[in-house]
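Please have the sequence and the model side by side as you read.

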Amino acid sequence: MPPIFPETVLHTDRLPLRSFTAEDVNDTRAACSDELTQQWQPLPDPYTTEHAASWCTDVSHRLRASGDGIHFAVTGGDSGQLLGTGGLKKTDWPARVSGVGCYWTAPWARGRGVTVEATRALGEWLLGE
C-alpha cells in the first residue's frame, strides 16, 4: 500500500482547510452549478445534490485513501461556510512530488483572495511537512 497524507486541518489567518463532510453538500451543489465553475471544470451539468453528496462523503476522501493526494474544503473561519476546494494530486512518493491546486472557488467567495491564501497554505504544508 502506498503512503498516504495524514488526515489534517490546515489553518491560515482567515481560513480553515478541512475534509469535506455531509454538511458541505448544499454549498458544493450551488458552487458546482455556477455557470463560471461549469465553464472551467469538467463537472456534470446539471450538477445535482446527488453529485455533491457523492463528492463530499466519498469521492473527495478516496484520493487520500489511494495515496494519490488529498482534497480540502476551504471554509470561512467565522461562518464555516464552504468557500472552495483545493488539494494535492498526482503524488509521486518516491520522487516526493505532488501537484498543488485550488480547483474551484464558490461564487460568494470570489474576489476576496481565498484561492491565493488556500493555495499558499497547501504549498507551505507540502514543503514544510
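Helices (H or I, at least four residues) and strands (E, at least two) are DSSP runs, numbered from the N terminus. Just after α3, Gly-67 takes up a positive phi of about 90°. This is a predicted model, where local features need pLDDT of at least 70 and side-chain atom pairs count only at pLDDT 80 or more, while totals for chains, interfaces and linings use all residues. Residues are numbered from 1 along each chain as its sequence is written, and side-chain values use heavy atoms, with hydrogens and water left out.

Let us look at α3 itself. A kink of about 50° is centred on Trp-55; the bend at a residue is the angle between axes fitted to the seven residues ending there and the seven starting there.

Trp-55 is also among the buried residues of α3, with Ala-52, Cys-56, Ser-60 and Leu-63 (buried means under 20% relative accessible area, with a 1.4 Å probe and protein chains only).

Where α1 meets α3, Val-25, Thr-28 and Arg-29 touch Thr-49, Ala-52, Ala-53, Trp-55 and Cys-56.

Strand β4 includes Leu-82, which is buried with a relative accessible area of 0%. Beyond its neighbours within four places in sequence, Leu-82 is in contact with residues including Thr-28, Val-74 and Trp-104. Leu-82 and Thr-49 are 33 residues apart in sequence and 15 Å apart in space, C-alpha to C-alpha.

Terms used:
Buried < 20%, exposed > 50% of the residue type's maximum accessible area, 1.4 Å probe, protein only. Contact = heavy atoms within 4.5 Å.
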